[in-house]
Amino acid sequence: MTSFESIYDLFMVTSVSDYRLNGLYKNDKEAFYDFLRGFLTKSVFQFSDDFISSLEFISQEEVENDITVTRYYFVDDLLPLEKSILVDALVINWYQKNTEDILEMSSRIGTKDGKENNNRSNLKEKNIRIRELYSAIYADVRNLQMANLDKLEGWE
């Protein structure tokens with residue numbers, strides 16, 4: 001089984017630097033996991049038909065430091081490329097949330113000053129990055145499927 005936490009770790013170590021997420025993790029690890037689980041669950045829904053491994057997941061109650069917590073696991077051991085795709089999808093969903101943030105939206109409606117131009121430029125760069133990540137994901141999905149044709153339905 002692959003834990004959701006292993007995907008979160010890859011996300012934080014390889015993909016994003018965000019002081020808010022770092023602060024959330026330091027202050028309340030369970031809130032951090034709950035926050036990222038929403039993005040990961042959305043990613044699972046997006047790519048569940050494209051993977052070789054099942055993206056079905058389960059939750060388990062575990063005791064950590066005398067506190068009962070809920071942990072989530074994929075029922076299958078995900079392939080390395082599948083983990084990478086999920087991390088990239090998580091990044092996309094995180095970027096999209098940030099670009100649709102109400103503060104970001106209100107800054108685009110503001111006055112014509114340098115700050116607004118910087119915010120627009122920043123938003124444009126985020127949208128470019130999202131498109132690049134989607135392209136990379138779909139290339140990885142094709143590579144995953146081509147390398148595992150014998151495991152795909154209809155290709156036996």
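These legends go with close-up views of a predicted model. Residues count from 1 along each chain as its sequence is written, and side-chain values rest on heavy atoms, with hydrogens and water left out. Since this is a prediction, local features need pLDDT of at least 70 and side-chain atom pairs count only at pLDDT 80 or more, while totals for chains, interfaces and linings use all residues.

**View 1. Confidence along the chain.** The mean pLDDT (the predictor's confidence in each residue, from 0 to 100) is 85 for the chain, and 85% of the residues score at least 70. Helices here are DSSP runs of H or I with at least four residues, strands are runs of E with at least two, and both are numbered from the N terminus. Where pLDDT is low, the predicted coordinates should not be read in detail.

**View 2. An open sheet of three strands.** The order is β1-β3-β2, with antiparallel pairing; two strands pair if DSSP finds at least two bridges between them. β1 (2-3) and β2 (57-64) sit at the edges with a single partner strand each, so one side of each has no neighbour in the sheet. Eight bridges link β2 to β3 (residues 67-74), and Glu64 stands opposite Ile67 in β3.

**View 3. Arg71 and its glutamates.** A salt bridge here means a side-chain nitrogen of Lys or Arg within 4 Å of a carboxyl oxygen of Asp or Glu, and the count comes to six. Arg71 makes one with Glu5, closest N and O atoms 3.7 Å apart. Arg71 lies in β3 and Glu5 in helix α1 (residues 4-14), so this pair ties together parts 66 residues apart in sequence. Another joins Arg71 to Glu30 (2.7 Å, N to O); with Glu30 in helix α3 (residues 29-47) and Arg71 in β3, the pair ties together parts 41 residues apart in sequence. Glu64 and Arg71 also meet in a salt bridge (2.9 Å, N to O). Through shared partners, Glu5, Glu30, Glu64 and Arg71 join into one network.

**View 4. Buried or partly exposed?** Buried means under 20% relative accessible area, exposed over 50%, and partly exposed in between (1.4 Å probe, protein chains only). Arg71 is buried at 3%, and so is Glu5 at 12%. Glu30 is partly exposed at 25%, and Glu64 is partly exposed at 28%.

**View 5. Helix α4.** Residues 80-99 make up this 20-residue helix, which reaches 29 Å from first C-alpha to last, close to the expected 28 Å (1.5 Å times one less than its number of residues). Of its 20 residues, 14 are buried, so α4 is largely enclosed by the rest of the structure.
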